[in-house]
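Dear colleague,

Please find below the structure that I am handing over to you. My notes on what was found in it follow directly after.

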Amino acid sequence: MRSSGIALALSVLGIVFIIIAALYALGVLQLFASTSSGPHYKHAVLFVVLAVASFVAANFARPKAAT
Amino acid sequence: MGLLQGASELFPVSSLGHAVIVPSLLHWGFKQSDPSFVPFLVLLHIGTASALLVLYRDQWVTIIRGFISAALRGQIKTDAERLSMLLLVGTLPAAVLGVYLETRIKTLFASPYVAAGFLVVNGLLMLGFEELRRRRERGATRAEQESQFGEAERISFRAAALVGACQALAFIPGISRSGVTIGGGLLAGLRHQEAARFSFLLATPVILGAGVVEVPGLFARGVPVAEYVAGAVLSGIAAYASARFLLRYFRSGRLDPYGFYCVAAGLVSLALLHFNL
């Protein structure tokens, strides 16, 4: 299923995941974390991985030029 | 503990279940609630993951190259590229569930009684997976029966995600990560040996990732790092030997013996714990 719209949506999702990862790494975001203060590197790494997966999926969804 | 964890991590018998039950039965002096126990388990897991990386070193090089080329191209062209994407899809659900639920689930179920009970459940699951598999098999010999089923690269992306999500069940002490993923692979149409290979490849980034993010805890005061590293080396050796054995065993072997072992070990453990022997 290839579509520019889906590719754009997945790219935006990837950027959102990067922002969330940064917020967890800086200790700003404490959502669902085991402690209520300090940085949460485990969560940050997870969202970096999710961001990479989103960008990869976006590239797969992007319409390809016919060769 | 290193030998026990390394061997039981890859055998479909639940390493976490054994890590909870055996020290309790043998009256060893440490508990999971002890702050120094987490760094110890972390190092043991890194030892196990390192063994898997060594065992599949050539495949991992191919998989990583395949991932990069497929990701940049936005298209899958080779089996290695497909396998790399299957592993990504299979790893994500376990990673998300692991980060958000692992501690809560382990805290909820960290009791030798519960672990022994779920070990029985794990055994019944193994026997159930094999029973469902037998219904789809044709042929007189094991070779003929296995030949109808496929390789890890041919599994569907939906099945890979489901098998990967099943890994989260292993946060419950007594439920085996390799057991549920091998069983899931069998239901998805893989040969036994291929289901084991997919399970081990799927486990490597999860085990390694879970270990590496906990490494800073090793530098806390009072952690006997040298002893823990020795445990990790033993864990790696046991895991390597276990993986080699299992891959050979699953050429024609089934999950049944491990299913019976888990049911028996769970019931015996429950009895021993109940009578405080």
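**Cysteines**

C166(B) is partly exposed, because its relative accessibility is 26%. The structure is a predicted model, and a search of the whole of it finds zero disulfides over all chains. C166(B) is accordingly in no disulfide, and the nearest cysteine sulfur, which belongs to C262(B), is 16 Å away. C262(B) is likewise in no disulfide, with the sulfur of C166(B) as its nearest cysteine sulfur at 16 Å. C262(B) is buried, with a relative accessible area of 0%.

**The interface between the chains**

On the chain B side, 18 residues are in contact with 18 residues of chain A. The two chains bury about 1,500 Å² between them, and 71% of this area is on carbon and sulfur atoms. Within chain B, the residues that lose the most area to chain A are G74(B), V99(B) and Y100(B), which together account for 35% of what that side buries.

The elements that give two or more residues to the chain B side are α4 (57-73) and α5 (79-109) of chain B. Of these, α5(B) gives the most, with eight residues. By class, the side of chain B that touches chain A has 13 nonpolar, two polar and three charged residues.

**Salt bridges**

Over all chains, the count comes to 14 salt bridges.

The side chains of R134(B) and D256(B) meet at 2.4 Å, N to O. R134(B) lies in helix α6 of chain B and D256(B) in helix α12 (residues 256-274) of chain B, so this pair ties together parts that are 122 residues apart in sequence. R134(B) is partly exposed at 35% relative accessibility, whereas D256(B) is buried at 12%.

E137(B) and R254(B) form a salt bridge through their side chains at 2.7 Å, N to O. E137(B) is in the loop between α6 and α7 (142-147) of chain B and R254(B) in the loop between α11 and α12 of chain B, so the pair ties together parts that are 117 residues apart in sequence. Both partners are buried: E137(B) has a relative accessible area of 9%, and R254(B) has a relative accessibility of 12%.

The side chains of E151(B) and R191(B) meet in a salt bridge at 3.6 Å, N to O. This pair links distant parts of the chain, with E151(B) in the loop between α7 and α8 of chain B and R191(B) in the loop between α9 and α10 of chain B, 40 residues apart. E151(B) is partly exposed, with a relative accessible area of 37%, and R191(B) is also partly exposed, with 25%.

**A covered helix and a buried serine**

Helix α9 (residues 177-187) of chain B is mostly covered, as ten of its eleven residues are buried. Among them are R177(B), S178(B), V180(B) and L186(B). The buried residues of α9(B) pack against α1 (2-10), α6 (112-136), α8 and α10 (192-212) of chain B. Just after α9(B), G189(B) takes a positive phi of about 100 degrees.

S235(B) is located in helix α11 (residues 225-249) of chain B and is buried, with a relative accessible area of 0%. The side chain of S235(B) reaches the backbone oxygen of L44(B) at 3.0 Å, and that side chain also makes a polar contact with the side chain of T48(B) at 3.0 Å. Neighbours within four places in sequence aside, the residues in contact with S235(B) include G2(B), Q5(B) and G47(B).

**Two further positions**

R158(B) is in helix α8 (residues 157-166) of chain B and is exposed, at 69% relative accessibility. The C-alpha atoms of R158(B) and L86(B) are separated by 9.1 Å, although these residues are 72 residues apart along the chain.

In chain A, S11(A) is in helix α1 (residues 4-26) and is partly exposed, with a relative accessible area of 25%. Leaving out residues up to four places away in sequence, S11(A) touches F55(A) and A58(A).

With kind regards

Notes
Residues are numbered from 1 along each chain as its sequence is written. Chains are lettered from A and ligands numbered from 1 in the order in which they are written. This is a predicted model: local features need pLDDT of at least 70, side-chain atom pairs count only at pLDDT 80 or more; totals for chains, interfaces and linings use all residues. Side-chain values use heavy atoms; hydrogens and water are left out. A disulfide is a pair of cysteine sulfur atoms within 2.5 Å. Buried means under 20% relative accessible area, exposed over 50%, partly exposed in between (1.4 Å probe, protein chains only). Helices (H or I, at least four residues) and strands (E, at least two) are DSSP runs, numbered from the N terminus. Contact means heavy atoms within 4.5 Å. Buried area is the accessible area (1.4 Å probe) that two parts lose on being put together, summed over both. Ala, Val, Leu, Ile, Met, Phe, Trp, Tyr, Cys and Pro count as nonpolar, Asp, Glu, Lys and Arg as charged, and the others, Gly among them, as polar. A polar contact is a pair of N or O atoms within 3.5 Å; within protein, one must be able to donate a hydrogen and the other to accept it, and residues adjacent in sequence count only if both atoms are side-chain atoms. A salt bridge is a side-chain nitrogen of Lys or Arg within 4 Å of a carboxyl oxygen of Asp or Glu.
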